[in-house]
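Thanks for making the time this morning.

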Amino acid sequence: MSTAEQINPPPRLLMGPGPINADPRVLRAMSAQLVGQYDPAMTACMTETMGLYREVFRTSNEQTFLVDGTSRAGIEAALVSLIVPGDRVLVPVFGRFGHLLAEIAQRCEAEVHTIEVEWGQVFTPEQIEAAVVSVRPAVLAIVQGDTATTMCQPLADLGEICRRHDVLLYCDATASLGGNDFELDGWGIDIATAGLQKCLGGPSGSAPISVSPRAVEVIDGRKHVEAGIAEADDIGRGPRIGSNYLDLAMVMDYWGPRRLNHHTEATSMLYAARECARLLVAEGMDTAIRRHRLHGAAMLAGVQGLGLEVFGDVSHKMNNVVAVVIPDGLDGDGARTAMLEDFGIEIGTSFGPLRGRVWRIGTMGHNARKDAVLVTLAALEQVLRAGGADVTAGGGVGAAREVYAR
Ligand SMILES: Cc1ncc(COP(=O)(O)O)c(C=O)c1O
């Protein structure tokens with residue numbers, strides 16, 4: 001007989017680079033009862049969710065919906081639906097997730113070209129345009145906020161560059177959307193994807209996506225409806241998209257007026273995604289971004305007030321995460337364990353070239369709050385002190401409070 005007990009996770013304050021604690025209102029929305037796939041209540045909920053995400057992405061794109069799966073399902077859906085095998089794809093890489101875009105594009109059998117800057121830096125538009133001119137890609141794929149380095153790539157000029165050179169622009173805004181400026185239409189981005197578990201304040205498992213009319217045209221030009229549901233005028237055209245589940249041509253028909261069956265929509269995640277967007281829109285997108293900016297600035301001032309060094313070009317840091325250099329001689333993993341075991345607070349480790357060198361501390365979504373920032377800084381001071389680090393007594397909380405007092 002199974003001895004598994006009812007699930008009862010320990011109370012934690014998740015102050016890493018995401019996931020974060022879901023907003024309780026999102027958890028409540030997820031516990032709402034299911035309805036059938038074509039129940040008018042369900043289709044109305046899908047339509048409302050599309051409208052809410054248009055506001056979150058700041059777009060009038062009709063094709064704004066959800067891909068079921070974590071953020072990388074959204075990334076894969078965008079890239080596999082856009083890229084025809086053999087297409088040239090340019091990926092400017094400034095951290096882990098640029099490498100992920102390049103890898104996914106390779107799996108889509110693109111001819112992938114990358115340019116790189118050192119971790120902790122971002123690209124200038126001139127560097128990107130020079131690469132566009134020399135590579136002449138069909139698609140430029142770029143991350144906005146890379147949680148691995150905490151950098152936020154400026155995007156405002158890229159849409160215009162891409163249009164001038166007839167390139168489609170894809171952006172992974174998983175870690176940044178909702179907490180940093182993002183203007184899908186204003187910046188001329190063709191497809192953007194995100195996830196719920198960062199600034200949107202939900203659990204991972206749903207990937208909001210928005211697709212511009214010119215990207216829709218490319219994707220619809222590759223539409224091959226599944227044999228079992230195709231109708232007489234569903235004549236397949238163009239090179240078929242290499243995934244069924246992530247075929248945006250079919251997923252758009254499912255979300256669109258045709259409501260052509262595809263997968264069974266993940267209803268509880270739809271409720272979660274709808275509530276995440278509803279909360280952000282009710283708060284106001286500008287207000288939500290300002291909230292992330294304020295609490296991110298308080299956390300930054302706080303770690304600096306403790307005497308800690310911050311990694312990377314701080315002028316391009318995302319609002320919602322900071323990378324803190326682990327003081328020499330301190331056991332970084334031991335300190336994270338003490339934060340978790342003694343205070344119930346999770347802070348993040350790091351990857352690749354930053355492994356063992358920095359912790360990543362987030363202030364995002366439901367946890368972009370004054371109490372969460374101050375408690376984390378107070379606990380960090382104690383843990384650093386216990387580990388033998390030389391920290392300024394009260395310097396973290398004090399510096400953060402000064403930011404709040406401004
Ligand atoms: C920028 C970025 N892209 C993609 C991902 C992958 O997201 P997921 O783990 O939800 O698939 C993450 C996750 O941290 C991310 O920060």
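Let me begin with helix α10 (residues 285-305) and helix α13 (residues 395-405), whose axes come within 7 Å and cross at roughly 145 degrees. The axes here are lines fitted to C-alpha atoms, for helices over the stretch in contact, and the angles run from 0 to 180 degrees between N-to-C directions. Helices (H or I, at least four residues) and strands (E, at least two) are DSSP runs, numbered from the N terminus. The crossing of α10 and α13 is right-handed; a crossing is given that name if the near helix is turned clockwise from the far one by less than a right angle, and is left-handed if anticlockwise. On the α10 side the contact includes Ala 297, Gly 302 and Gly 305, and on the α13 side it includes Gly 395, Ala 399 and Tyr 404, where two residues are in contact if their C-beta atoms, placed from the backbone, lie within 7 Å. By class, this contact has 10 nonpolar, 6 polar and 1 charged residues, and in this scheme Ala, Val, Leu, Ile, Met, Phe, Trp, Tyr, Cys and Pro count as nonpolar, Asp, Glu, Lys and Arg as charged, and the others, Gly among them, as polar.

Before going on, please keep in mind that this is a predicted model, in which local features need pLDDT of at least 70 and side-chain atom pairs count only at pLDDT 80 or more, while totals for chains, interfaces and linings use all residues. Residues are numbered from 1 along each chain as its sequence is written.

The next pair is helix α11 (residues 332-343) and helix α12 (residues 370-386), which pack at an angle of about 125 degrees with their axes 10 Å apart. That angle makes α11 oblique to α12, since angles under 35 degrees count as roughly parallel, over 145 as roughly antiparallel, 65 to 115 as roughly perpendicular and the rest as oblique. The crossing of α11 and α12 is right-handed.

Turning to the ligand, 13 residues surround it, and the closest are Thr 70, Ser 71, Arg 72, Thr 174 and Ala 175; a residue counts as near if its C-beta atom, placed from the backbone, lies within 6 Å. The shell around the ligand has 3 nonpolar, 7 polar and 3 charged residues.

Finally, two backbone details. The peptide bond from Gly 18 to Pro 19 is cis, with omega near 10 degrees, and Pro 19 lies in the loop between β1 (13-14) and α1 (24-30). Arg 136, although not a glycine, has a positive phi of about 50 degrees, and this residue lies in the loop between α5 (125-135) and β5 (139-143).
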